[in-house]
Amino acid sequence: MGVKSRFEFTKKNDEMSHNMEEQNSQMAKENSIYNIGPVIQSRSGLSFLTVLTFSCEALIACAKQLNIMDEECGDGNYGSILAHSANAIKLAIKEGRISTTRPFLTFMQISQIIEKEMGGLESGIYSLFFDSVAKNFLRFQSDEQITANMWLTVLTFANKMISEVSGTSIDHRTMLDALIPAENALRDALNLGSSPVDAFGEAVKAAEISAMQTVHMSRSVNCTINKTFKYPDPGAHAVGIWMRAAYEEDGSDECEGCQSIGNVKYLSNEHETRTSFLSAQQSLMQDIGNLLKYACIRSLSCEVHPGKEGVCYFGDEYRGHVLSHTFTLKDAQARGFRRWCSFIVFMRDKQFLLNMWPFLIDNLKEVIRELQDLAERRYNAEEAECPQRAMRLTTANSGASCHSISIKQSRTLTDITNEKHVFVRIHMWLVWILSAGARHFIEIFPMSLLDDELNYNFEHQIETEEGFTLVNAKLPVNFNFNWNDSELLPEFSEIAEKSTAVILRNLKRILGKDQFKQLLYSCLIGVQVLVRGPKIQRLESLYGLSSLVPRACRRIKTQTLEYMDPDTCNFIGVDTSVAVPLPCASVCRLDIILNEHKVGNTKSHIVKWTGILPTKLPTLLIKIEKLLDNEKLGNSVFKAHFATLQEEWANIAKVVHAMRGRGHRGDLSGLMLSLGAGPQDKKLLDAWSMGLPSNPA
């Protein structure tokens, strides 16, 4: 017994000793990994992780744009794949799983995350790229401080590795079309003595310009045939995005342009409305400041018209909605003699922003025109004194002054325009735009949902500590969803108790899905709906169907002694004795037959229309059908939901109509897409625009 016990005890000691040796070996291995390669100072290490985080945020924000670019020669999911990995890297940084001081370990960890999360060819390329970056840091001595030349070395070898493995190089529409020019620009700038930050800035510019130029390339590794491309290569464009994000986030050294305003703030008070307008370099609210930073990067990187000035919308419910107007200013000292700039308008409310689109764009164009005139006068004066193009060609050959020119920092807007108070002028312009916009554009709550007895008592107001005013604070706001439109037309008083939800559901049940869809489509796109039959049933049908369109679009004749053409009314009711036209595409007839006149098993309601339903139906029609099919929704909920849908599409029609009223006769499909509408909705929007003023501007 004692021998056995000693044997077991000895065996356990051997096992414990073996396990401890394994653990010590593992710890030694891990410690050795943590302690090899060049180092980043601890203070700079945190900034390094911030830069990585911001690069990930930029890729996530631009995912949709990269997906659109990828549709030309890929699966249309390149942006989503990168965003997925970017989210994983962000999470690892947040959880402290990414090294802050050893670049070798940092990029090795990133490579492993990408390999695990991405999948597919993209995973292999990016994982290999960062793995090569990591391993090439081992070319340098451990504990040596990181330098700009080290970054150049690892980038050079990583690019070479990607080129050898993929069998591609520059001009093949790949990520190398941005990485190789960035490498060359970084090398040239460092050789000329530029600071690391300025050299990195030159590399970023080279990557962006080369990425944009891929749109003119006719061949791609992802396409089997040569073709003309509409967008730059998504891989090269993505490199430009994350490089630009990394450069902009590194705020330790800022150029003159980044410090144009500095700590100066401009304040204007509008006493009449008790509103203050403040212009400053940074937002006073940190959360808004971060969102604005992302919007600024996107407005000058991925959300642009390739190679030209223009307006675009981007955003989502999480990062806010942005209207961006990109433009250029002439600058004799800038690359290409032009400086790219943009005005952005940021709002939380997408519909409100897009409703203001025509007003904002027209006025921002005036501001831009003023700035461009000032910049052009300065440019012409400088060119007359010393032509920059000729001087650059001369210095490029001699090399005498090229160094001094290349390391010049970006000029401020004050220098470019030669206007000492340019920011004061911009401040006053923007104050006027915001003030005038606030007077002419307000958010409208659908008043049909409010109790008609609600009164705003401005004599009894309560001022809060936060500066808000509570109006009618002691009287609750009651929603009355049983309110109806019958008072608009006395003829509908006989069916005032009927709910539109009940009427429309009964019609769908009687007519069947196909015929009801024809009737619904006709109502929404402005085809005249003629209801013929007994009075009560006729009134019910007209009341339910006319409620599908906004009040301004309704021209109703509930009972006429003779037929009226579509120009006079779009909803008409007649008795069975009145002569009506034969069914056609411009008139949709709904015949209601009394039971005593029915023959066999025929329906009591029959739709007669010779038009053809499109393959893709209007978005609103599909939503209404789903709403009617949901029997769980009560009448009041149905009415509230439908009022919201109607208000949404009426606003879309207003925006499109306003753009046309201001002379924009071209293709508005891009604007419609940003509003959530498509080509299938054009007829509906055209019909609903008929109820709006002819010149909404």
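Which residue forms a salt bridge with R369? Hi everyone, let's start there. The partner is E366, and the closest N and O atoms of the two are 2.7 Å apart. Both residues sit in helix α13, which covers residues 357-385, and they are three residues apart, about one turn of the helix.

I'll come back to confidence at the end.

Now, the other salt bridges. A search over the whole structure turns up 16 of them. Take E57 and K90: they form a salt bridge in which the closest N and O atoms are 2.5 Å apart. E57 belongs to helix α2, residues 42-61, while K90 belongs to helix α4, residues 78-94, so this pair ties together parts that are 33 residues apart in sequence. Is E57 buried or exposed? E57 is buried, with a relative accessible area of 10%. K90, on the other hand, is partly exposed, at 23%.

Next, a pair from strands. The side chains of K608 and D591 meet in a salt bridge, at 3.3 Å from N to O. Here K608 lies in strand β12, residues 605-608, and D591 in strand β11, residues 587-592, so the pair ties together parts that are 17 residues apart in sequence. K608 counts as partly exposed, with 32% relative accessibility, whereas D591 is buried, at a relative accessible area of 8%. There is also a network: E370, E419 and R425 are joined into one by salt bridges that share partners.

At the start, a side-chain oxygen of S499 comes to within 3.2 Å of the backbone nitrogen of A501. After the helix comes G512, with a positive phi near 90 degrees.

While we're on backbone angles, which residue other than glycine has a positive phi, near 60 degrees? N418 does. You'll find N418 in the loop between α16 (413-417) and α17 (422-440), and N418 is exposed, with a relative accessible area of 55%.

Finally, confidence, as promised. The mean pLDDT of the protein is 77, and 75% of its residues reach 70 or more. Over residues 400-407, though, the pLDDT is below 50, and this stretch has 12 contacts in the model beyond near neighbours in sequence. Residues 464-487 also stay under 50, and for them the model has 45 contacts beyond four places in sequence. Where pLDDT is low, the predicted coordinates should not be read in detail. Please bear that in mind if you look up the contacts of residues 464-487, where pLDDT stays under 50.

How values were computed
Residues are numbered from 1 along each chain as its sequence is written. This is a predicted model: local features need pLDDT of at least 70, side-chain atom pairs count only at pLDDT 80 or more; totals for chains, interfaces and linings use all residues. Side-chain values use heavy atoms; hydrogens and water are left out. A salt bridge is a side-chain nitrogen of Lys or Arg within 4 Å of a carboxyl oxygen of Asp or Glu. Helices (H or I, at least four residues) and strands (E, at least two) are DSSP runs, numbered from the N terminus. Buried means under 20% relative accessible area, exposed over 50%, partly exposed in between (1.4 Å probe, protein chains only). A polar contact is a pair of N or O atoms within 3.5 Å; within protein, one must be able to donate a hydrogen and the other to accept it, and residues adjacent in sequence count only if both atoms are side-chain atoms. pLDDT is the predictor's confidence in each residue, from 0 to 100. Contact means heavy atoms within 4.5 Å.
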